[in-house]
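Dear colleague,

I am handing over the structure we spoke about, and I would be glad if you could look through it beside the notes that follow.

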Amino acid sequence: MDAHIQVKNLNVYYGKQQALKDVNIEIPKNQITVIMGPSGCGKTTLLKTFNRFLELTEGTQLTGEVLVDGKNIYDRDVDVTEVRKVVGLLAQRPAPLPMSIFDNVLYGMNIHRMKKDRREYKDAARHYLEIAGLWDEVQNRLHDPATSLSIGQQQRLCLARGLAVEPEIILGDEPTSALDPISSQNIESRLIELKQQYTTVIVTHTLRQAKRLGDYVIYMYLGEVIEAGPAKEVFNNPQHERTRAYLEGQI
Amino acid sequence: MGFLTKKRWQRRHLVETFMKFIMRVSLFIVAGSLGLILWIVVVRGLPSLSWEMVSQIPKGGYYMGKGGGILNAIIGSLYLAAGGTLLAMIFSVPIAIYLKTYLGDSKWGQYVRLSLDVLWGIPSIVYGAFGFALMISLGMRASLLAGIIILAFIELPIMTRAMDEVIRRMPEDLEHAALALGSTKFEVALRIVTRQMLPGITTAILLGFGRGIGDAASVLFTAGYTDRIPTSLMRPTASLPLAVFFQLSSPYPEVRERGYAAALILTVIVLVVSFSSRWLSARLNKYTVK
Ligand SMILES: Nc1ncnc2c1ncn2[C@@H]1O[C@H](COP(=O)(O)OP(=O)(O)OP(=O)(O)O)[C@@H](O)[C@H]1O
Ligand SMILES: [Mg+2]
């Protein structure tokens, strides 16, 4: 397997409480990996270790390694803003920045000074809005506040904004759970379209979504990774009793 | 369809009607008093308002009805309020940020907020007396600088608390969204926090300015009063609220009329400031996330 992310002996503590216990997994390149498991088992926590968001919460402790392309992102010489440029995040609820639709897409490219002139920025904005399937709906209102969009549109804007900084990995923590069915489907199809070019890691609570999206599956329970493997194998022939129980308990 | 008609005499409907009535009466009293105040100031002040009044300093015998104007007080008040607001801003922005970032809702944070609220409630004559006592012990005389300092004291709690409320409403999601794109903390502060907060901070500053420019009691002892336009921070200065006060207490009817004109000028300044702040924050508000 061509692993894009490798997690080695990862332990995470919130204060004294241990949230991840000796996690060792590999996330395959240019596939969609879904993380499943009951509420509170540590899915969000695991995802947050991939873009170093864990350190935004006080009192967290982390041991072990998270390697992206073979480089430990917790090494001293690593620039956290570079990590987050390479590892993008699609949050559970869309959070448009307090600026226009257009400026939202440009924000990341601006801070990383990725383009040369205004024309290039404009073309890039259009390009990423098209990829996110939003261009047709917003081309005539690019300078309206981003908050004037519907929630589903806002989530696609956040996708466009995230892709615009040219990440290699996209993380999604239940990225469709706040959306209506049509918008969820829309986001799902985008993720499937994009998977050839990006390594995608999605946390989901719905088994159906996991089956629709997943190429690779990680099942967690009480802070431990119980089972990880290609989707077909895990869904059709789970090795572990707990995984089987979880899959059967859900419809 | 009788079952759908409102049972007007049911208790809950009576309560609703009564409450609505009370609210309308209160609204009428508030709006009515504002209207009445403006009406009186305009009707009594407008006749004696002239170009001379806003463009000249008092000439000899002004206070007995002779020529001149109150440019000294207009300029003095603008200096005082602008200086006080600037000084208060220099201190309140860091205090508000410190409150949010380091104290938060901790016990100390609550103490600081409580003391600011108490300071807010202290009558301005007390600030004036405090400033006066301080100046005597330092051997200072009434001056523009002393007036600015005391106004800064008065404005500080208002501005800090208003900013504190604004900063506390900053959604964490926004910071996280910007950080997730690879922003540094400074970029988040500069490009996201300020954008989101600017309307609220503008309002806080203008709130302070409004209180500062209208205050008479505190500048009475600290800034003094003079017929000249101040040329240095160490000179005393006139102010509009005191110009109103002195002229209204004059035995000469025409001077009293000019007192109303001075009140009109002060009211116009305050209205211009509050309307432009409304306009400004509506413009800045366009993109903020609710
Ligand atoms: N900020 C925090 N402080 C203390 N404990 C936390 C914090 N965040 C999470 N935890 C704990 O860590 C464990 C894992 O939480 P996490 O949010 O990763 O679960 P999850 O699998 O994402 O759950 P869900 O499916 O409900 O989102 C839980 O027991 C939770 O209570
Ligand atoms: Mg979660």
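The lining of the largest cavity is made up of seven nonpolar, two polar and no charged residues, where Ala, Val, Leu, Ile, Met, Phe, Trp, Tyr, Cys and Pro count as nonpolar, Asp, Glu, Lys and Arg as charged, and the others, Gly among them, as polar.

This is a predicted model, in which local features need pLDDT of at least 70 and side-chain atom pairs count only at pLDDT 80 or more, while totals for chains, interfaces and linings use all residues. Residues are numbered from 1 along each chain as its sequence is written, chains are lettered from A and ligands numbered from 1 in the order in which they are written, and side-chain values use heavy atoms, with hydrogens and water left out.

A cavity here is a set of points, on a 1 Å grid over the protein atoms alone, where a 1.4 Å probe fits but cannot get out, and its lining residues have an atom within 4 Å of a point. Points are joined across faces, edges and corners, and a volume is the space filled by probe spheres set on them. Two cavities reach 30 Å³ or more.

The largest holds about 60 Å³, and its lining includes A:Gly88, A:Cys158 and A:Ile170. Helix 6 of chain A gives the largest share of that lining, four residues, and strand 6 (87–90) and helix 6 (151–163) of chain A each supply at least two; helices (H or I, at least four residues) and strands (E, at least two) are DSSP runs numbered from the N terminus.

The second largest cavity, of about 30 Å³, has B:Ser77, B:Asp215 and B:Pro241 among its lining residues, and by class that lining has five nonpolar, three polar and one charged residues.

Between the chains, 24 residues of chain A are in contact with 20 of chain B, contact meaning heavy atoms within 4.5 Å. The area buried between them (accessible area, 1.4 Å probe, lost on being put together and summed over both) is about 2,100 Å², with 66% from carbon and sulfur atoms.

With best wishes

Conventions: 1 Å grid on protein atoms, 1.4 Å probe; cavity = no way out; pocket = protein on both sides within 12 Å on 5 of 7 lines; lining within 4 Å. Buried area = accessible area lost by both parts, 1.4 Å probe.
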